[in-house]
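Here is a short report for a first look. Keep the structure in view while reading.

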2 protein chains.
Amino acid sequence: MADTQIRFGILGCAEIARKVSRAISLAPNAALYAIGSRSLEKATKFAASNGFPESAKIYGSYDAVLDDPNVDAVYVPLPTSLHIKWAVLAAEKKKHILLEKPVALNVGEFDKILEACESNGVQLMDSTMWMHNPRTAKMREFLSDPDKFGELRSMHVVFTFAADPDFLENDIRVKPDLDALGALGDAGWYCIRAILWANNFHLPKTVTAFPGSIFNKAGVIISCGAALQWEDGKTATFHCSFLANLTMSVTASGTKGSLHLDDFVIPFQEKEGSYSTSTEAGFTELVTGWVPLPSQHTVMTDHPQEACMVTEFSRLVKSVKSGGSVAEKKWPTLSRLTQLVLDAVKISVEKGGESVSVS
Amino acid sequence: MADTQIRFGILGCAEIARKVSRAISLAPNAALYAIGSRSLEKATKFAASNGFPESAKIYGSYDAVLDDPNVDAVYVPLPTSLHIKWAVLAAEKKKHILLEKPVALNVGEFDKILEACESNGVQLMDSTMWMHNPRTAKMREFLSDPDKFGELRSMHVVFTFAADPDFLENDIRVKPDLDALGALGDAGWYCIRAILWANNFHLPKTVTAFPGSIFNKAGVIISCGAALQWEDGKTATFHCSFLANLTMSVTASGTKGSLHLDDFVIPFQEKEGSYSTSTEAGFTELVTGWVPLPSQHTVMTDHPQEACMVTEFSRLVKSVKSGGSVAEKKWPTLSRLTQLVLDAVKISVEKGGESVSVS
């Protein structure tokens, strides 16, 4: 491992940690350094099957990872209810933190994590991978173009997947003591983030859950949706669910243009991402076809989006570590805004669709 | 004109009548026979520039068209507020009726039209062209496939277009005395129809308008949306507006499959229509891509969808005319269900987003 590489420790052997381990291996400025699990055996197996170097430290606890002075940064894929404990501890041990989403059970908890990171000068970033795909930057360019897209008027986002019976029974995302936010915290997080992203992270005035949210027996949301409303008349909706075939679509309409894609969270293919746009679309003379036709765009990426994320995170960590700068506030700010809207949607869901102010 | 062709009279010179005139010319079993306008001059010009034969009857009133015993069927593109008067009169004169959407200002009015059609034995069909595109039948096949799509769980439809200042000031669709249903009656009609179509025309239990409907100074809806909710937990949303770039997207998610298209009302190109589907979509082992990838489908059509519509309508008319059958009830039933939901959405919009039962 080069000295310029950020040394990662991973807390726990979650399934998603396999993908992020590979991303750390792929990122030129990051290295797999340690893994900790409550079971040393699990940690050993995980390291062996996920590309950890022979020299990697294998620990039988999360604490041991945090106590290792050579660990620069930790990746925290633990259940949401454990984020506050372990992220705060990590910050206190001066570890930079790549934190799985949802970042906390609510914004109050997240603020405690934020405070710990700020007072310890560590970088915090949530693991919303698609934000780091080069496609996302190209789409942002389109949405920011006053001639091609104009002003956003409405946005509609769907993220569903068909969880199998085992998931619906046993996954942490259906357990009230683990990931109590259920489908809203999982798939809904991405929808809300996409809507905020397209709105330059201006908060909506209100959120209003749709009727018909579905809960499991333990009271965890497994399907819901909401309408978001801005002061200026802009509107957005999202729907998230564990109960329908994999769907990841974004449709954004501006005064002058439209954007669409069907794989916003995980691109259909790892190294390329497509989307379609149209600008000032109208019809042929007799309204029998469109003029102009929408355009298809494909953006290639050398590294998958999760490796881009790790690279960006590690760049920021490196900069803090070398004393060149303080921790970048942009990323934790975006996490907090996303959590804020998510909290409001949850309240609206619980109140059966009452409109809830976002503040 | 062959004896086997249904002779059409057109009431008024609306812009949309140009497209339907061409469709009548293209349909093998239909013929342009008469045009009536309150201005003989306008009617003459319309006939000359829209492919009417030299022998066509040009009338200076709608009544004259209805009084012509050779007219088999009328196409009624008049403003919605005039539908009840002219459709009822047409039925009383035993003219079969192809009626522009929305079919009426409310279902009460439509029931009077229905009654007139039934008691006079004439065929009624609304002019929702996309229903007749061969693509629609192929998509219906997919949605009905228990293995490829399963049971519909959620559906999201958007139809917006950016009306220009002249439209927003002068078009009949922004005038309370002409098309009082505004964007809901125009773009919203298609969204509601698509949602009902995908649901095999089972009515939702409730509709709930989103906050933030936009009205013009005269109180006509120019942007709104709603969530629709079924007894079994199925959910749908739509958004319609005159204030954003042309967008026509449908995203339907079932327990096993998904359907998407971006041009459901007017296909991008006249003679072909595409859509994408996916079935039991999942991810690669490390969740870095989709398996399987969605499939693209293209359906060719010899005739544009509006000509398919005229052909189907004329076939039904021919069948009634020849005494072979009574008027087909399917199409007016679909019109009525669409209007019923539209009425409920309008009430919910007016009540600021209160949930409204559909019955």
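## Ground rules

A salt bridge is a side-chain nitrogen of Lys or Arg within 4 Å of a carboxyl oxygen of Asp or Glu. This is a predicted model: local features need pLDDT of at least 70, side-chain atom pairs count only at pLDDT 80 or more, and totals for chains, interfaces and linings use all residues. Residues are numbered from 1 along each chain as its sequence is written, chains are lettered from A and ligands numbered from 1 in the order in which they are written, and side-chain values use heavy atoms, leaving out hydrogens and water.

## Where chain A meets chain B

In this interface, 58 residues of chain A are in contact with 59 residues of chain B (contact means heavy atoms within 4.5 Å). The two chains bury about 4600 Å² between them, 63% of it on carbon and sulfur atoms. Buried area is the accessible area (1.4 Å probe) that two parts lose on being put together, summed over both.

Two salt bridges are counted between chain A and chain B. The side chains of Arg18(B) and Glu285(A) meet in a salt bridge, at 2.7 Å from N to O.

## Salt bridges overall

Over all chains, the count comes to 40 salt bridges. Arg22(A) forms one with Glu306(A), with the closest N and O atoms 3.8 Å apart. Arg22(A) lies in helix H1 of chain A and Glu306(A) in helix H9 (residues 305–321) of chain A, so the pair ties together parts that are 284 residues apart in sequence. Helices (H or I, at least four residues) and strands (E, at least two) are DSSP runs, numbered from the N terminus.

## A helix pair in chain B

The axes of helix H4 (residues 83–92) of chain B and helix H5 (residues 107–120) of chain B come within 8 Å and cross at roughly 5°. H4(B) and H5(B) are therefore roughly parallel to each other (angles under 35 degrees count as such). Axes are lines fitted to C-alpha atoms, for helices over the stretch in contact, and angles run from 0 to 180 degrees between N-to-C directions.

H4(B) contributes residues including Ile84(B) and Val88(B), and H5(B) residues including Ile113(B) and Cys117(B).

## Backbone exceptions

Most residues other than glycine have a negative phi, and most peptide bonds are trans. A cis peptide bond joins Lys101(B) and Pro102(B), with omega about -10°. Pro102(B) sits in the loop between strand S5 (96–99) and H5 of chain B. The bond from Val291(B) to Pro292(B) is cis, with omega near -10°.

Asn200(B) is not a glycine, yet has a positive phi of about 55°.

Technical notes
Angles under 35 degrees count as roughly parallel, over 145 as roughly antiparallel, 65 to 115 as roughly perpendicular and the rest as oblique.
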